[in-house]
Amino acid sequence: MISEVVQPFWAAVQRGEFITEAAESVGTYREMGGRWIAAAGGVRPRRGRDLQGRYLSFSEREEIAVARAAGGSVRAIARRLGRSPATVSRELRRNADRRGEYRATTAHARAWERACRPKPAKLVVNTRLRAARISDSAAIGTLT
């Protein structure tokens, strides 16, 4: 799951939109929205919410990857992004592969995983509780 797509979907669901409309608003279909809800146990994942500005975005990671491949220095990349050189250096150190190469997609996925709490949500782990929640939600019409 990529937060840039999933989080707007969850925001739409939270506003009271039906799954179909929420999925269409992010350019996917109802079944995918249903899968996201089932994978999260019916509860919006905490990670990735309201992190704009503080954490590197995928587009910033792409810029780092392109500039690094072109031989750009850490300081030059940081200046271009308007970030601290320490931020860029830490990003490269944490997310480079064994050969020292940096890929934006891999780095973004790793950052996303690190942002997770180690403890999964109760509705993800407990299938009986999740089934009861989904049936209760369906009964009041919040899930369609």
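Among the elements that cover the buried residues of helix α5 are α4 (58-69) and α6 (85-95). Buried here means under 20% relative accessible area, exposed over 50% and partly exposed in between, with a 1.4 Å probe and protein chains only. The structure is a predicted model, so to speak for it local features need pLDDT of at least 70 and side-chain atom pairs count only at pLDDT 80 or more, while totals for chains, interfaces and linings use all residues. Residues are numbered from 1 along each chain as its sequence is written, and side-chain values use heavy atoms, with hydrogens and water left out.

Helix α5 itself spans residues 74-81, and its buried residues are I77, A78 and L81. Looking down the axis of α5, these buried residues fall within an arc of 100°, so they line one face of the helix; the arc is taken from the directions that run from the helix axis to the C-beta atoms. The other side of α5 has R75, R79 and R80, which are exposed. Just after α5 comes G82, with a positive phi of about 75°.

I77, A78 and L81 turn up again in the largest nonpolar core, which has 12 residues in all and also takes in L56, I64, A65, A67, V88, L92, Y102, A104 and A107. Two or more residues of this core come from each of α4, α5, α6 and α7 (104-114). A nonpolar core is a set of buried Ala, Val, Leu, Ile, Met, Phe, Trp, Tyr and Cys residues joined through side-chain atoms within 4.5 Å. Leaving out residues up to four places away in sequence, V88 touches V74, I77, A78 and L81, a contact being heavy atoms within 4.5 Å. Another core, of 10 residues, lies apart from this one and includes W10, I19, A23 and W36.

On to the aromatic rings. Rings of Phe, Tyr and Trp (its six-membered ring) pair if their centres lie within 6.5 Å; planes under 30 degrees apart count as stacked, over 60 as edge-to-face and the rest as tilted. The count by this rule is 2 aromatic pairs. For F9 and W10 the ring centres are 6.0 Å apart and the planes sit at 80°, so this pair is edge-to-face. For F9 and W36 the centres are 5.1 Å apart and the planes at 70°, so that pair is edge-to-face. F9 belongs to helix α1 (residues 3-14) and W36 to helix α3 (residues 30-39), so the pair ties together parts that are 27 residues apart in sequence. F9 is buried at a relative accessible area of 0%, and W36 counts as buried at 9%. F9, W10 and W36 form one aromatic cluster.

Back at α6, its axis and that of α7 come within 10 Å and cross at roughly 90°. Axes are lines fitted to C-alpha atoms, for helices over the stretch in contact, and angles run from 0 to 180 degrees between N-to-C directions. The two helices, α6 and α7, are therefore roughly perpendicular to each other, a label for angles of 65 to 115 degrees. E91, R94 and N95 of α6 meet A107, R110 and R114 of α7 in this contact. R114 counts as partly exposed, at 42% relative accessibility.

Of its 144 residues, 31% count as buried.

Definitions and conventions. Helix = DSSP H or I, 4+ residues; strand = E, 2+ residues; numbered from the N terminus. Parallel < 35°, antiparallel > 145°, perpendicular 65-115°, else oblique.
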